[in-house]
Amino acid sequence: MHIRKPTPGKMLAALSLALGLAASAQAAEGFAGAQATREHYGAIFQIDAGGQGAIKKTLNNIENLLHDPRLKGKLTVELIANAQGFDVYVKNNGFEDKLKALQKQGVILAQCSNTLRELHVDRKDLYPFINVVPSGMGEITLRESQGWAYIHPTPPGESL
């Protein structure tokens, strides 16, 4: 009888298979995702693309985050608009009610002042309940340095 010694490649394949089976077993045992172990979480969403699709996707992502039961009572969210993303705050764009509802849930709605100046957008063209900050990039930088998550949904139809 001759016993073959497994090659390193076969050993690696067997190990990969075993790890995959162990991961599947863990999933079958009720893995529910990460647990919220902190007292507070912050998330800043950036929108820098205009159009109905980009706005809808971003606002839906915010709503989904707000409704995650793991984060209930532990979450602050901000939406910062810059570049063409200012469309989210333009009057009569069809999103006023949704923005007001998000704000009622504690979402901070912020617009980059640099964008308004650079794109010659009059502040009066935006909903009056929107906050203006000096710089969108500054807002993101400050929030990230405070430990907030940075989220930038890709507009529909764009690939990375």
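**Figure 1. The largest pocket of the predicted model.** The largest pocket has a volume of about 150 Å³. A pocket here is an open set of points on a 1 Å grid over the protein atoms alone, with protein on both sides within 12 Å along at least five of seven lines, and lining residues have an atom within 4 Å of a point. Grid points are joined across faces, edges and corners, and a volume is the space filled by probe spheres set on the points. Of the 13 lining residues, Tyr41, Gly42, Ala43, Gly147 and Ala149 are the closest to the pocket centre. Strand E1 (41-47) and E5 are the elements that give two or more residues to this lining, and E1 provides the largest share, three residues. Helices (H or I, at least four residues) and strands (E, at least two) are DSSP runs numbered from the N terminus. By class, eight lining residues of the largest pocket are nonpolar, four are polar and one is charged. Ala, Val, Leu, Ile, Met, Phe, Trp, Tyr, Cys and Pro count as nonpolar, Asp, Glu, Lys and Arg as charged, and the others, Gly among them, as polar. Residues are numbered from 1 along each chain as its sequence is written. This is a predicted model, in which local features need pLDDT of at least 70 and side-chain atom pairs count only at pLDDT 80 or more, while totals for chains, interfaces and linings use all residues; side-chain values use heavy atoms, with hydrogens and water left out.

Figure 2. The structure holds one cavity of 30 Å³ or more, and about 30 Å³ of space lies in the largest cavity. A cavity is a set of grid points where a 1.4 Å probe fits but cannot get out. Its lining consists of Gln46, Ile47, Asp48, Ala49, Ala54, Thr58, His152, Pro153 and Pro155. E1 and helix H2 (52-66) are the elements that give two or more residues to the lining of the largest cavity. Five of the lining residues are nonpolar, three are polar and one is charged.

**Figure 3. Arg143 and the ring of Trp148.** Arg143 is found in helix H5 (residues 136-145). The charged end of Arg143 sits over the ring of Trp148, 4.1 Å from the ring centre; the criterion is NZ of Lys or CZ of Arg within 6 Å of the ring centre and within 35 degrees of the ring normal. Arg143 counts as buried because its relative accessibility is 16%, where buried means under 20% relative accessible area, exposed over 50% and partly exposed in between (1.4 Å probe, protein chains only). Leaving aside neighbours within four places in sequence, Arg143 is in contact (heavy atoms within 4.5 Å) with Ile44, Glu78, Ile108 and Trp148.

Figure 4. The structure holds one aromatic pair. Tyr127 and Phe129 form this pair, which is stacked, with 5.3 Å centre to centre and 15 degrees between the planes. Rings of Phe, Tyr and Trp (its six-membered ring) pair if their centres lie within 6.5 Å; planes under 30 degrees apart count as stacked, over 60 as edge-to-face and the rest as tilted. Tyr127 and Phe129 are both buried. Lys100 lies in helix H3 and counts as partly exposed, at 40% relative accessibility.

Figure 5. Ala83 has a phi near 50 degrees, a positive value in a residue other than glycine. The residue is placed in the loop between strand E2 (75-81) and helix H3 (96-104). Ala83 is partly exposed, with a relative accessible area of 31%. For His120, also a residue other than glycine, phi is near 55 degrees. His120 belongs to the loop between helix H4 (113-118) and strand E4 (131-133). His120 counts as exposed because its relative accessibility is 73%.

**Figure 6. Gly157 and Ala54.** Gly157 is located in the segment after strand E5 (149-151). At 85% relative accessibility, Gly157 is exposed. Gly157 and Ala54 are 103 residues apart in sequence, and their C-alpha atoms are 9.4 Å apart in space. Ala54 is also one of the residues that line the largest cavity.
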